[in-house]
Amino acid sequence: MRTTTSRPLAAVRNLGILAHVDAGKTTVTERILYATGTTHKRGEVHDGTTVTDFDPQERDRGITIFAAAVSCDWHGHRVNLIDTPGHVDFADEVERALRVLDGAVAVFDAVAGVEPQSESVWRQADRHGVPRIAFVNKLDRAGADLDTAVASIRDRLHPAPLVVQLPIGAEDDFAGVLDLVRMRALTWTDGTTTATEGPVPPGLLEEAERRRRLLAEAVAELHPAALEEFCATGTLTATALTGALRDLTHSGDGVVVLCGSAYRNRGIEPLLDAAVDYLPSPLDVPAVRGTHDGTEQRRPADPGAPFAALAFKVNATPTGRLTFLRVYSGTMAKGDTVWESGTGRTERIGRVLRVQADRHAQVDRAAAGDIVAVVGLKSARAGSTLCAPGAPLVLEPPAVAEPVVSVAVEARTSSGTDRLTTALARLTEEDPSLVARTDPETGQTVLSGMGELHLEVAAEQLRRAHGLDVTVGRPRVAYRETVLRGVSGLVLRHVKQDGGAGQFAHVVLDVEPLAADAPGTTGFGFRSAVVGGRVPQEYVRAVEAGCRDALADGPLGGHPVTGLRVTLTDGATHVKDSSEMAFRTAGRLALRAALRDCAMAVLEPVAEVTVTVPADAVGGVLGDLAARRGRVTGSATRPGAAVVTATVPLAELFGYATRLRGRTQGRGTFTARPTGYAPAPVGVGVS
């Protein structure tokens, strides 16, 4: 089937659905597809019939693992949606999606409010400057409360929440919403998909008018033009309020809050209207910035400008290799030749596809503002820039998090060993947050990722998608080494004569902790304090490169070294025998020698753990956390449950899910979010 992609840029919305696991992101996406007529049957997560959770593992586990793109039309607008994972182990999928989105819908559970991963994805969106609206979901659940959820948004995420809807009814009696902008009631009955519009019920009119005035006052405080109208008339018209809410959403000064129940199909149409009214089109966001030959360039969202697109996802399918693109400027068609930044070579576009999760429709072309997949690219990776050969540009790629957990993976048969190498290469190509390497000491293949679940999913992919019978070792965490007390004036002379051109480099280094008062600080700093030109600048850069080489393995357990600052204080050169290679070697040898003289410590990754359990199980959970070297940082109560927050070493969390279920008769749940590194007990991680 062939379709066309032409649509005015102002009528395009590129949106992500963001939330904590189980807040209802995928159900919201399914109801959007149903409301827009894209699908003709409502998919259910618990039945394994959703469009976006199409992978067998997603349906088996009931969670979103892979970001899935879909497109739909709503009142003359094209809405490109990316349903993102809610589990922290797959935060890199969210990162890659946010890199190419113009706006997002953040979904919150009306009972739980802001949960740990809700906070994480919100911060990710902050870093990318992605405007958001909020949808408080599951208002039909026992204990659901819009005001409590909004208070958690204000307290934990610190935006100015601008509530534009109120629920009609509560819990099982939740029937619809009051639209405070237009002062109308929207109600749904079971079995219907379209809202019935009517006046505000008399019993709710006084509260609706009070909330409408509070909304107008809050908007007027944040928006100068709205303030003028409010001071002149004492209120804001629906048109003025909508325009001000749109401006505040784009600037990030306010967050529009809507409510509903996606499972019961209540509140979806107003959510779509709000996405169109308040979230930006490609024309409303700044021109994308890139570099070429060291200079910054901007490309406007103009189909007539030179072509530029960013690859944010690669997926190998039985019918070919799909590369997912966000087109920022220009136009691309089947058969076009594009320049690929990763390899510096040209590639040919085989086909252009409009994506509906695991289904695809061929289109004539893709233009600025589109999110599409292409077939035919051989070497493009997630983060690669594709652009017109005559107008090269390199866009900033999505950041890739550093893996924190590793397992050894082996094929059970000798014939599977070669296939395992190929399969791992494909896995790491599709998911850059996975890293495969060979352990130089044991010869084992080691797969590293963002968490225990992340690696479980990867191992299952090897079995299901690649037909490999593999064994997986016990997870191991990624330790680091750091400097507690440094050394000064470490002198190293690197002199080598072997018959040809010699090597001479003389360096003097000081090594100190990067942050003496925070031993868990990670990172590396380098500076030169050499005076009088005793070490030329090109040799200074070579010394820094050598020092970075030395960080690969520390003196305690061979773990990467972090949390230190190196200062080059002096040095000397030889008129003939000095070179960048010599100074790089000297830098590496000098830092390794210095680290042996420093007071060192092992760092271990730690996670913020949020445990939700019945109130009568709190004592046992606290004792178990203490046994796992956990430090409780907070607690709270919810209807029928207690929430405990603690900082726990990641190594102590392996198998915790099973232990928690046993202690709480299956009623306890937890989430873990890596938060950095902390000093490990003496002897841990030391070989």
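Buried means under 20% relative accessible area, exposed means over 50%, and partly exposed lies in between. The structure discussed here is a predicted model.

**Helices α8 and α9**

- Two packed helices are described by the angle between their axes and the distance between the axes.
- Helix α8 spans residues 238-251 and helix α9 spans residues 268-278; their axes come within 9 Å and cross at roughly 75°.
- Angles of 65 to 115 degrees count as roughly perpendicular, and α8 and α9 are therefore roughly perpendicular to each other.
- On the α8 side, the residues in contact are Thr 242, Leu 245, Arg 246, Thr 249 and His 250. On the α9 side, they are Val 276, Asp 277 and Tyr 278.
- Sorted by class, this contact between α8 and α9 holds three nonpolar, three polar and two charged residues.

**Salt bridges of Arg 182**

- Arg 182 forms a salt bridge with Asp 277, with an N to O distance of 3.8 Å.
- Asp 277 belongs to helix α9, while Arg 182 sits in the loop between β9 (176-179) and β10 (184-187), so this pair ties together parts that are 95 residues apart in sequence.
- Arg 182 also meets Asp 179 in a salt bridge, at 3.7 Å from N to O.
- Arg 182 has 41% relative accessibility and counts as partly exposed.
- Asp 277, at 24% relative accessibility, also counts as partly exposed.

- Glu 207 and Arg 210 form a salt bridge in which the closest N and O atoms are 2.9 Å apart.
- Both residues lie in helix α6 (residues 202-222); because they are three residues apart there, about one helical turn separates Glu 207 from Arg 210.
- Glu 207 has a relative accessibility of 30%, which means that it counts as partly exposed.
- Arg 210 has a relative accessibility of 44%, a value between the 20% and 50% cut-offs, so Arg 210 counts as partly exposed.

Notes. Residues are numbered from 1 along each chain as its sequence is written. This is a predicted model: local features need pLDDT of at least 70, side-chain atom pairs count only at pLDDT 80 or more; totals for chains, interfaces and linings use all residues. Side-chain values use heavy atoms; hydrogens and water are left out. Axes are lines fitted to C-alpha atoms, for helices over the stretch in contact, and angles run from 0 to 180 degrees between N-to-C directions. Helices (H or I, at least four residues) and strands (E, at least two) are DSSP runs, numbered from the N terminus. Angles under 35 degrees count as roughly parallel, over 145 as roughly antiparallel, 65 to 115 as roughly perpendicular and the rest as oblique. Contact means heavy atoms within 4.5 Å. Ala, Val, Leu, Ile, Met, Phe, Trp, Tyr, Cys and Pro count as nonpolar, Asp, Glu, Lys and Arg as charged, and the others, Gly among them, as polar. A salt bridge is a side-chain nitrogen of Lys or Arg within 4 Å of a carboxyl oxygen of Asp or Glu. Buried means under 20% relative accessible area, exposed over 50%, partly exposed in between (1.4 Å probe, protein chains only).
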